[in-house]
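Visitor: I have a structure here and some questions about it. Can we walk through the packing, the pocket and the aromatic rings?

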Amino acid sequence: MPIDRRPLREQIKDEILDRLGKGEFAPEQAINEMVLATDLGVSRTPLREALIGLEREGIIVSERGKGFRFAPMSAKEFDDLTTIVAALESMALELTDPAFLHAVAPRLLEEARAFSAPEAEHAVIERYDDAWHDLLLSGCPNERLMDLITSLKLTMHRYERVVVGDWEVLERSAEEHERIAERLVDSDVEGAVEALKANWQSGKDRILARLRWHGPVE
């Protein structure tokens, strides 16, 4: 088992973000520090340090005398997050060696086509999308950039969960992934970047429409 040498507060923050992305915490849910510390198996000092860090990132909010709670969900936040992640992923793609992208393109295309097929299970949409984008950007040499993308996408997952299991969303996302991969097969990195941006834009529009229909955002 690899030893994680990062500060404990950073490990705690990542665990909270991961659970948030899995839907274990509700928007505006109050945080009981004692209960959460026990659940995570840590003391309250590094937990509070992690919560303060999450507050700086806008994931949680605090009120004097009331402690921390998870921030409410809003269409604006999701719009902002998507815009940032789209720009960062585009940058990561541009920083990647074109030879690597051309080499991995057939696998990207194969996996995208597999998820366009009728036998693809609805419940795998989130896992599929993350894995596909991870493969797409796996050659990016900028580790800090990739860490930032991963952190932001964990926050985005609490929004995306409202469309998990939607066949139309899964099918259209896979089709857009095919277009990105096809550009890379042709060694057209610039075209792939534009297709990636289009994938994020259409995904944002679809999810915002679903979020408004479900009613959790303003």
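Visitor: Which residues does L108 touch, leaving out residues up to four places away in sequence?

Guide: Keep in mind that this is a predicted model. Contact here means heavy atoms within 4.5 Å. With residues up to four places away in sequence set aside, L108 touches W132, L135, L136, A181 and L184.

Visitor: Which members of the largest nonpolar core touch the most other members?

Guide: This core holds 39 residues. Helices α4 (75-95), α5 (98-114), α6 (125-136), α7 (143-160), α8 (167-185) and α9 (189-214) each supply at least two of its residues. The members that touch the most others are L93, L108, W132, L136 and L184.

Visitor: Is A103 buried or exposed?

Guide: A103 sits in helix α5. The cut-off for exposed is over 50% relative accessible area. A103 is at 59%, so it counts as exposed.

Visitor: Which element gives the largest share of the lining of the largest pocket?

Guide: The pocket has about 500 Å³ of space and is lined by 17 residues. Elements that give two or more residues to the lining are α1 (8-21), α4 and α7. The largest share is eight residues, and it comes from α7.

Visitor: Which lining residues lie nearest the centre of the largest pocket?

Guide: Take the make-up of the lining first: six nonpolar, three polar and eight charged residues. Nearest the centre of the pocket lie K13, E57, D147, L148 and S151.

Visitor: What kind of aromatic pair do F25 and F70 form?

Guide: The structure holds one aromatic pair. The ring centres of F25 and F70 are 4.6 Å apart, with 20° between the planes. Planes under 30 degrees apart count as stacked, so this pair is stacked.

Visitor: How many residues apart in sequence are the parts that this pair ties together?

Guide: F25 is buried, with a relative accessible area of 14%. F70 is buried too, at 1%. F25 lies in the loop between α1 and α2 (33-40), and F70 in strand β2 (residues 67-70). The pair therefore ties together parts whose separation in sequence is 45 residues.

Note on methods
Residues numbered from 1 in each chain as written. Predicted model: local features only at pLDDT ≥ 70, side-chain atom pairs only at ≥ 80, totals over all residues. Heavy atoms only, no water. Core = buried A, V, L, I, M, F, W, Y, C linked by side-chain atoms within 4.5 Å. Buried < 20%, exposed > 50% of the residue type's maximum accessible area, 1.4 Å probe, protein only. Helix = DSSP H or I, 4+ residues; strand = E, 2+ residues; numbered from the N terminus. 1 Å grid on protein atoms, 1.4 Å probe; cavity = no way out; pocket = protein on both sides within 12 Å on 5 of 7 lines; lining within 4 Å. Points joined across faces, edges and corners; volume = space filled by probe spheres on them. Nonpolar A, V, L, I, M, F, W, Y, C, P; charged D, E, K, R; others polar. Phe/Tyr/Trp six-rings, centres within 6.5 Å; stacked < 30°, edge-to-face > 60°.
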